[in-house]
Number of protein chains: 2
Amino acid sequence: MLRHQQLLVDLWPEDGELLERVQPLWTVTLEAAEASGATILSECSHQFEPSGFTGLALLSQSHLSVHTWVEQRLLLLDVQSCGSMRPQVIVDRLAAFLHPCSVEQRAFERGAGEQRSRGAGEQERRWNRGGRCSIQ
Amino acid sequence: MLRHQQLLVDLWPEDGELLERVQPLWTVTLEAAEASGATILSECSHQFEPSGFTGLALLSQSHLSVHTWVEQRLLLLDVQSCGSMRPQVIVDRLAAFLHPCSVEQRAFERGAGEQRSRGAGEQERRWNRGGRCSIQ
């Protein structure tokens, strides 16, 4: 069965000005996506005023997103993928560009439906409608 | 400080054909986003052959994504948000449309930087460059 992977990565760059150079940041991200083995089908982005940037890329393998909050000196990267792409390449290239002083990276399997325990700070709801579904 | 919320929702509809009606599905999702208080700045979508759909919406409040895999009878919904929108509205409206027989929903805070324990099936990497960053 096709496996769906998800990376949630929070990066705090040492130099917050890098988050204001949004075109280089987005270019690095898209080039990293291609280097990871992804195929970019379309992309859109938005520059907020006075600061902050969002970029979304629709991939053959799912999607990626980048959000920046300059005042919080924070970048949030999501990569959802299936197939053979290597999403860690995107994380590593963004980290090489941003020189983060701190990174929090979480990885999940999606659509697996297995019972999971709950991590601190995480809320989970799960419900089933008694026995009518054969998928899981 | 602005809080960033993330929902990861895996839905298995009882009737897989609903996942093939992609235009109603995407319309329901976008209308739900507006009902949740989100402002949609742009959106893009892709219909895969022979089946499968991806929709991405760039929001003032961050983004949402929908991916379907008809052969796995699976829909993956992500909502990343900040501010006052109510992302649960989107989950509830999609659930009302899809009548899922099973749902797995996980909620996270992003950019908080707190120490977290690790849930089953979740991998976490975290690193800091000793003491040079004052953000956290």
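On this tour, a residue is buried if 20 or more other C-beta atoms lie within 10 Å of its own, exposed if 12 or fewer, and partly exposed in between, with C-beta atoms placed from the backbone. Helices (H or I, at least four residues) and strands (E, at least two) are DSSP runs, numbered from the N terminus. Keep in mind that this is a predicted model: local features need pLDDT of at least 70, side-chain atom pairs count only at pLDDT 80 or more, and totals for chains, interfaces and linings use all residues. Residues are numbered from 1 along each chain as its sequence is written, while chains are lettered from A and ligands numbered from 1 in the order in which they are written.

**Stop 1: H2 in chain A.** Select residues 88-98 of chain A, which form helix H2. Which residues of this helix are buried? They are Ile90(A), Val91(A), Leu94(A) and Leu98(A). Look down the axis of H2(A): these buried residues fall within an arc of 100° (taken from the directions from the helix axis to the C-beta atoms), so they line one face of the helix. An α-helix has 3.6 residues a turn, so residues three or four places apart point the same way. Now show what the buried residues of H2(A) pack against: strand S1 (4-13), helix H1 (22-35), strand S4 (62-69), strand S5 (74-82) and strand S6 (100-110) of chain A. Contact here means C-beta atoms, placed from the backbone, within 7 Å.

**Stop 2: a cis bond.** Next, pick Glu49(A) and Pro50(A), which are joined by a cis peptide bond with omega of about 5°. Pro50(A) sits in the loop between strand S2 (40-47) and strand S3 (53-59) of chain A.

**Stop 3: two helices in chain B.** Hop over and select H1 (residues 22-35) and H2 (residues 88-98) of chain B, whose axes are 8 Å apart at an angle of about 150°. Axes are lines fitted to C-alpha atoms, for helices over the stretch in contact, and angles run from 0 to 180 degrees between N-to-C directions. Residues making the contact include Leu25(B) and Val28(B) of H1(B), and Ile90(B) and Phe97(B) of H2(B).

Stop 4: Finish with Ser62(B) in strand S4 of chain B. Its phi is near 135°, a positive value in a residue other than glycine. Ser62(B) counts as buried because it has 26 C-beta neighbours inside 10 Å. Arg73(B), in the loop between S4 and S5 of chain B, has a positive phi near 50°.

Methods. Two residues are in contact if their C-beta atoms, placed from the backbone, lie within 7 Å.
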